[in-house]
Structure formats: structure tokens, C-alpha cells
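Subject: Structure for your review

Dear colleague,

Please find below the structure that I am handing over to you.

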Amino acid sequence: MAPVRISIVYQSGGGHTRVLAQALAGGCTQVADTTAELVEILGQDVHEGRWSNNAILEKLAASDAI
């Protein structure tokens, strides 16, 4: 069976949410055959009020859980 791929999406202005996301990823990797990837949403990807980043969308599409 292939490993389960989990993407943890977050946005962190002051760094606190990043710490929580990292802790969540650490917990996910305690489960056998599970990988977790942090995916940070950046303000530079917002244009005219809409978020868009094709590289992140591809990562999310390849994930088993978000």
C-alpha cells in the first residue's frame, strides 16, 4: 500500500500558526506509512482579492488528505 500523503495548509503572519502546523505534521508522521507536507499560503499569491498558486494546487491535488 502506498504511503498516505497529507498536506497541512496554513498562513502565519507572526509564526504561531507555523509552530502549530509543524506540531501537527510531527503527529501525522507518527502514523506508519504517512508523510506530511507543510504548505504555506503567502500574501504574494493574492491578486485582486483572489488567491492563486498553481504549484500549491498541484501539491494539494496529489494529496490524500488536506
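A residue is called buried if its relative accessible area is under 20%, exposed if that area is over 50%, and partly exposed in between, using a 1.4 Å probe and protein chains only. By this definition, 23% of the 66 residues in the protein chain are buried.

Please note that this is a predicted model, in which local features need pLDDT of at least 70 and side-chain atom pairs count only at pLDDT 80 or more, while totals for chains, interfaces and linings use all residues. Residues are numbered from 1 along each chain as its sequence is written, and side-chain values use heavy atoms, with hydrogens and water left out.

Overall architecture

The protein chain has 2 helices and 4 strands. Here helices (H or I, at least four residues) and strands (E, at least two) are DSSP runs, numbered from the N terminus. Read from the N terminus on, the order of elements is β-α-β-β-β-α. Along the principal axes, the C-alpha atoms fill a box of roughly 40 × 25 × 10 Å. Contact means heavy atoms within 4.5 Å. Of the contacts between residues at least 6 apart in sequence, 55% join residues at least 24 apart.

Strands E1 and E2 and helix H1

Strand E1 (residues 4-10) pairs with strand E2 (residues 34-40) in the parallel sense over 7 bridges; two strands pair if DSSP finds at least two bridges between them. Between these strands the chain passes through helix H1 (residues 16-28), and this β-α-β crossover is right-handed. That term applies if, with the strands pointing away from the viewer, the path from the first strand over the helix to the second runs clockwise. Tyrosine 10 has glutamate 40 in E2 as its bridge partner.

The 13 residues of H1 should span 18 Å at 1.5 Å a residue, and the end C-alpha atoms are 19 Å apart, which agrees. The expected span is 1.5 Å times one less than the number of residues.

Which residues of H1 are buried? They are Ala21, Ala25 and Cys28. These residues cover an arc of only 55° around the axis, so they lie on the same side of H1; the arc is that of the directions from the helix axis to the C-beta atoms. The buried residues of H1 pack against E1 and E2. The face turned away from the buried side carries the exposed residues His16, Val19, Leu20 and Ala23.

Asparagine 53 lies in the loop between strand E4 (50-51) and H2, and counts as buried at 18% relative accessibility. Its side chain is joined to that of aspartate 45 by a polar contact of 3.0 Å. A polar contact is a pair of N or O atoms within 3.5 Å; within protein, one must be able to donate a hydrogen and the other to accept it, and residues adjacent in sequence count only if both atoms are side-chain atoms.

Alanine 55 belongs to helix H2 (residues 54-61) and is partly exposed, with a relative accessible area of 48%.

Serine 63 lies in the segment after H2 and is buried, at 15% relative accessible area. Serine 63 and serine 7 are 56 residues apart in sequence, yet 6.2 Å apart in space, C-alpha to C-alpha. A polar contact of 2.4 Å joins their side chains.

Yours sincerely
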